[in-house]
Amino acid sequence: MDSALLARANFDSSSYDAEKERERAEERERIFERYTQGRSRTDDIEPWEEPNFSHYMKKDRYGFIHEKPIPMEPLDKKSLEKKQLKEKKWLRMVKHWQETNRVPEDLKSRIWKGCPDSLRGQVWPLMLRIKEIKQSNEKQHGPNMYERMKEKARRKSPDIRQIDLDVHRTYRNHEMFQDKYGVMQQKLFYVLAGYSMFNKEVGYCQGMANVVASCSCTCTKKKTRSGH
C-alpha cells in the first residue's frame with residue numbers, strides 16, 4: 001500500500017471513530033437529560049409502571065408489591081411487648097455507638113438475632129462506616145466529589161447506556177422504584193454513573209444496580225420517597 005492510500009485509510013478510520021464518539025456523546029446527553037427532567041407526560045409508561053393506591057394493599061413490609069393483597073396479621077400482646085423491648089435495646093446501643101464512635105461488643109450476637117426493621121436505616125450506615133468514608137474521601141479528593149463524578153460521567157462515561165437499561169430493570173416491583181424516571185430511579189442512575197468514573201478499574205457491571213437499590217431501600221428516609 002502506497003503512502004497516499006495509507007493516509008486515506010487512516011483518515012477514514014479517524015473519521016469513523018470521531019463519528020462514533022459523537023454519537024455516544026449525544027446518547028449520553030439524551031439519557032442524562034431524561035433523568036434530570038424526571039417523569040414527563042411524553043414518557044412511554046406501561047400500565048404496571050403507574051403507581052396506584054391499590055398497590056399499597058399488596059405490598060409487604062419491605063415495600064415489594066405482590067399480585068394479591070398481603071394479609072395483615074396483628075401481633076398478640078406478648079409478641080408486641082417482645083418487639084418493643086428489642087427495639088429499645090437496639091436504640092440504646094445505636095445511640096451509644098453514635099456518641100462514642102465505637103463498635104458495640106455485643107453487635108455480632110445481636111445481628112444474629114436480627115436487627116429491627118425500623119432501625120436498619122440507622123444501623124446499616126454505621127456498619128458501613130459511611131460517615132468516616134465520606135470524611136476520608138473529602139480529605140483525599142476534595143469537597144463535592146459526588147457532584148463532580150456525576151458531571152464527569154455525563155461527559156465521558158462509556159457505561160451510561162447499560163446503566164440506563166439496568167435502572168429500568170431493577171426492583172420494578174418495589175414501591176420506591178416503580179415510578180419511571182422518579183426520584184429513586186434518578187438517585188440510582190446518578191450513583192451508578194458517578195461510580196463508573198470514580199472507580200475506573202471497575203467502572204460499571206451488571207449486578208451493581210441491585211446492590212445500590214437494596215442499600216437505598218434501607219437507608220433512604222421515608223420522606224425522600226415523595227421527593228421532599
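Student: What should I know before reading the model?

Tutor: The model is predicted: local features need pLDDT of at least 70, side-chain atom pairs count only at pLDDT 80 or more, and totals for chains, interfaces and linings use all residues. Residues are numbered from 1 along each chain as its sequence is written, and side-chain values use heavy atoms, with hydrogens and water left out.

Student: How many helices and strands are in the chain?

Tutor: Helices (H or I, at least four residues) and strands (E, at least two) are DSSP runs, numbered from the N terminus. Here the chain has nine helices and zero strands.

Student: How do I read burial, and what percentage of the chain counts as buried?

Tutor: Buried means under 20% relative accessible area, exposed over 50%, and partly exposed in between (1.4 Å probe, protein chains only). Of the 228 residues, 30% count as buried.

Student: How do I read contacts along the chain?

Tutor: Contact means heavy atoms within 4.5 Å. Take contacts between residues at least 6 apart in sequence: 70% of them join residues at least 24 apart.

Student: What is a nonpolar core, and which residues touch the most other members of the largest one?

Tutor: In soluble globular proteins, nonpolar side chains tend to be buried together. A nonpolar core is a set of buried Ala, Val, Leu, Ile, Met, Phe, Trp, Tyr and Cys residues joined through side-chain atoms within 4.5 Å. The largest core here has 25 residues; Phe32, Tyr35, Ile163, Val167, Phe177, Phe189 and Leu192 touch the most other members. Two or more residues each come from α1 (3–37), α6 (145–156), α7, α8 and α9 (208–219). The top contributor is α8, with seven residues. A second, separate core has eight residues, including Trp90, Leu107, Leu119 and Val123.

Student: How do I read ring pairs?

Tutor: Rings of Phe, Tyr and Trp (its six-membered ring) pair if their centres lie within 6.5 Å; planes under 30 degrees apart count as stacked, over 60 as edge-to-face and the rest as tilted. A search of the whole structure finds eight aromatic pairs. Tyr35 and Tyr181 are edge-to-face, with 5.1 Å between centres and 80 degrees between planes. Tyr35 sits in helix α1 and Tyr181 in the loop between α7 and α8, 146 residues apart.

Student: Is Tyr35 buried or exposed?

Tutor: Tyr35 is buried, at a relative accessible area of 0%. Tyr181 is buried too, at 6%. Ring pairs also link Phe32, Tyr35, Tyr181, Phe189 and Tyr190 into a cluster.

Student: What kind of pair do Tyr195 and Phe198 form?

Tutor: Their ring centres are 6.2 Å apart and their planes at 45 degrees, so the pair is tilted. Both residues lie in helix α8, three residues apart, about one turn of the helix. Tyr195 is partly exposed at 33%, and Phe198 is partly exposed at 35%.

Student: How do α2 and α4 pack?

Tutor: Axes are lines fitted to C-alpha atoms, for helices over the stretch in contact, and angles run from 0 to 180 degrees between N-to-C directions. Helix α2 (residues 77–100) and helix α4 (residues 120–127) pack at about 35 degrees, with axes 11 Å apart. Trp90, Val94, Trp97 and Gln98 of α2 meet Gln122, Val123, Leu126 and Met127 of α4.

Student: Where is Thr170?

Tutor: Thr170 is in the loop between α7 (160–167) and α8 (183–198). Thr170 counts as buried, at 2% relative accessibility. Leaving out residues up to four places away in sequence, Thr170 touches Phe177, Leu188, Ala209, Asn210 and Ala213.
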